Amino acid sequence: MDSTAIPYIKQDEIHFGFDLPVETNRHLQRAASLVSSREGVLQALSAAQASAPDQLEVLIARYKFHFYQGDTDKAQDLVSQTLIKSALQGGFSHEWESLLPKSADWSDPRGPERVFLYSLKALAFIRLRQEDFADAASILDAVKRLDPEDQVGADVIRDLLRGLQEES
């Protein structure tokens, strides 16, 4: 086996993706190490975005950061950007309501299709946080239609939705 085909990850690094440019990965690693400095993280994420503006993994890191900071509006905007970019890269529509299982190869774990599915799952979670249960359910139904085997783990969000609906 060719050892260059296996991605090398340093022990203390977070794995953000497979084909990240070295400089972009360095910025993302810096962002991950600066968790106690909001400004430092934002600067590192901005540098990562500037170094690789079309890299989906950078958008994912950015929307996760804003989500965990409680800024669901900014996270939602970044998820929308990720959905559009991943659809463009994968050659399918970003309008998730109209997508079908045959619209793309949703099973490729390294393709933009998988990023799209994960981002839809993230959007459903954001909608849960915003207490928009109907929209979260609609998004989760689309993910189920495209990923019936639940390769992206959306059933966890569906279970949260059920629990929240039972409480209200």
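**Helix packing and salt bridges in a predicted model**

The axes of helix H5 (residues 112-129) and helix H6 (residues 133-146) come within 8 Å and cross at roughly 160°, where axes are lines fitted to C-alpha atoms, for helices over the stretch in contact, and angles run from 0 to 180 degrees between N-to-C directions. H5 is therefore roughly antiparallel to H6, a term used for angles over 145 degrees. This is a predicted model, in which local features need pLDDT of at least 70 and side-chain atom pairs count only at pLDDT 80 or more, while totals for chains, interfaces and linings use all residues. Residues are numbered from 1 along each chain as its sequence is written, and side-chain values use heavy atoms, with hydrogens and water left out.

**The H5-H6 contact**

- H5 passes H6 in a left-handed crossing, meaning that the near helix is turned anticlockwise from the far one by less than a right angle.
- On the H5 side the contact (heavy atoms within 4.5 Å) involves Leu117, Leu120, Lys121, Leu123, Ala124, Arg127 and Leu128, and on the H6 side Phe133, Asp135, Ala136, Ile139, Leu140, Val143 and Leu146.
- The residues of this contact divide into eleven nonpolar, no polar and three charged.
- Arginine 127 and aspartate 135, both among the contact residues, also meet through their side chains in a salt bridge at 1.8 Å, N to O, a salt bridge being a side-chain nitrogen of Lys or Arg within 4 Å of a carboxyl oxygen of Asp or Glu.
- Arginine 127 is buried, with a relative accessible area of 14%, whereas aspartate 135 counts as partly exposed at 22%; buried means under 20% relative accessible area, exposed over 50% and partly exposed in between, with a 1.4 Å probe and protein chains only.

**Other salt bridges**

- The structure holds six salt bridges, one of which joins the side chains of lysine 85 and aspartate 54 at 3.5 Å, N to O.
- That pair links distant parts of the chain, 31 residues apart, with lysine 85 in helix H4 (residues 72-90) and aspartate 54 in the loop between helix H2 (38-51) and helix H3 (56-68).
- Lysine 85 counts as partly exposed at 22% relative accessibility, while aspartate 54, at 56%, counts as exposed.
- Aspartate 155 forms a salt bridge with arginine 158, their closest N and O atoms being 3.9 Å apart, and both residues lie in helix H7 (residues 154-167), three residues apart, about one turn of the helix.
- Aspartate 155 is partly exposed at 25% relative accessibility, whereas arginine 158 is buried at 14%.
- Asp155 and Arg158 are linked with Asp141 and Lys144 in a network of salt bridges.

Helices here are DSSP runs (H or I, at least four residues), numbered from the N terminus.

Key: Helices (H or I, at least four residues) and strands (E, at least two) are DSSP runs, numbered from the N terminus. Angles under 35 degrees count as roughly parallel, over 145 as roughly antiparallel, 65 to 115 as roughly perpendicular and the rest as oblique. Ala, Val, Leu, Ile, Met, Phe, Trp, Tyr, Cys and Pro count as nonpolar, Asp, Glu, Lys and Arg as charged, and the others, Gly among them, as polar.
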